[in-house]
Amino acid sequence: MFTGIVAELGEVFGIEQRGDAARLTIRGSTEGVSPGDSIAVNGVCLTVTGILDGTFTADVMGETLDRSSLGTLTPGAPVNLEQSVRLADRLGGHLVQGHVDGTGTIISRSPAEHWDQVRISLPGSISRYVVHKGSIAVDGISLTVSALGPPNGETWFEVCLIPETLKRTTMGTRQPGETVNLEVDMIAKYVERLLNEEANQ
C-alpha cells in the first residue's frame, strides 16, 4: 500500500529484456530497503529482487508491461519512487495500491505563474470512478481532479500541479503526447461492487 506521495526521483539504470518479461535496475535511495520489499515505480508496485551500489532490481511481468507505461522506459529515464507505507506512517495523499487501472495521454499543459494545469485523457472503462475534487494517482502521484470532460463527450480530466510537485516528480517535465499510469480511487470500485451485489440479490 502507498500514499501517492513521491519520495524521490529515481533513474532507470538498466533494462534487461526476458522474453515476455523484463528486469529493471533503478538508481535511487536504498536505505532501509531489503529484497522482497515493495516500491512503487511510476505508480506500479514492484518487488525488490536485489540491491547493489545504490540501485535496486525488480522483475516486471508481461501483464504489467502491457497495462502500464513501464514497457516504454529507457535507460536514463526519470521515475517516481515511493516505498510502501507502514501502519505508523501518516497518510499524506490517499490510499494507492500500485495496481494500474489504465494509461492516459497528456493532452495539454498550461503553465501559470505558480502552477501548471495538465489535461490527461481518461479511458472510458474507468471514467466512472473519477469525480471532480476526487483523488487519482498519476504515475504514482496522488493528485486532486480539478476538472472533468463533459458527460457523453471526450473523456479527460485535469489536475493542477504546485511547484513542489513540478520539482519533485516526473510531472514537471511530462509533455503532451506522453503516456502516464492511472490508478483510480479503489474505494469507488468497492462501493460499485457492493451496490451491484445488492441490486442482484
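Predicted model: local features only at pLDDT ≥ 70, side-chain atom pairs only at ≥ 80, totals over all residues.
## First barrel, E1 to E6

Six strands form a closed barrel in the order E1-E2-E5-E4-E3-E6, and their pairing is antiparallel. From one strand to the next, the twist averages 45 degrees.

One of the facing pairs is Ala 40 with Cys 45, its bridge partner in E4. Another is Val 41, which stands opposite Val 44 in E4. E4 is also joined to E5 by four bridges, again with the strands antiparallel. Here Leu 52 has Thr 55 in E5 as its bridge partner.

## The two hairpin turns

E3 and E4 make a hairpin with two residues between the strands. Asn 42 lies in the loop between E3 and E4. The phi of Asn 42 is positive, about 50 degrees, although the residue is not a glycine. Most residues other than glycine have a negative phi. Is Asn 42 buried or exposed? Asn 42 counts as buried, because its relative accessibility is 0% and the limit for buried is under 20%.

The hairpin of E4 and E5 also has two residues between its strands. Asp 53 is found in the loop between E4 and strand E5, the latter spanning residues 55–60. Asp 53 has a positive phi near 50 degrees and is likewise a residue other than glycine. Its relative accessibility is 67%, so Asp 53 counts as exposed, the cut-off for that class being over 50%.

Gly 76 is found in the loop that runs between helix H1 (62–67) and strand E6 (78–83). With a relative accessible area of 40%, Gly 76 is classed as partly exposed, because the value falls between the limits of 20% and 50%.

Which residues does Gly 76 contact, leaving aside neighbours within four places in sequence? They are Glu 11 and Val 12. For a sense of distance across the model, Gly 76 and Ile 162 are 86 residues apart in sequence, and their C-alpha atoms are 25 Å apart in space.

Another six strands close into a barrel, here in the order E7-E8-E11-E10-E9-E12, with antiparallel pairing. On average, and with direction ignored, neighbouring strands of this sheet are turned by 45 degrees against each other.

Strand E10 (residues 141–148) pairs with strand E11 (residues 156–161) over three bridges in the antiparallel sense. In this pairing, Val 145 stands opposite Val 159 in E11.

Ser 142 has its place in strand E10. The side chains of Ser 142 and His 94 are joined by a polar contact of 2.7 Å. Not counting residues up to four places away in sequence, Ser 142 touches Thr 3, Gly 4, Gly 93, His 94 and Ile 136. His 94 is therefore a contact of Ser 142 within the 4.5 Å limit and also the side-chain partner in that polar contact.

## Helix H3

Helix H3 comprises 14 residues, 186–199, and reaches 20 Å from its first C-alpha to its last. That span is close to the 20 Å expected at 1.5 Å a residue.

What caps the N-terminal end of H3? The cap is Asp 185: one of its side-chain oxygens lies 3.1 Å from the backbone nitrogen of Ile 187.

## Cysteines

A disulfide is a covalent bond between the sulfur atoms of two cysteines. How many disulfides does the model contain? The count comes to zero, the rule being a pair of cysteine sulfur atoms within 2.5 Å.

Cys 45, the bridge partner of Ala 40, is partly exposed because its relative accessible area is 28%, between the limits of 20% and 50%. Cys 160 is also partly exposed, with a relative accessible area of 36%.

Key
Residues numbered from 1 in each chain as written. Heavy atoms only, no water. Buried < 20%, exposed > 50% of the residue type's maximum accessible area, 1.4 Å probe, protein only. Pairing = 2+ DSSP bridges. Axes fitted to C-alpha atoms, helices over the stretch in contact; angles between N-to-C directions. Expected span 1.5 Å × (residues − 1). Polar contact = N/O pair within 3.5 Å; in protein donor to acceptor, adjacent residues only side chain to side chain.
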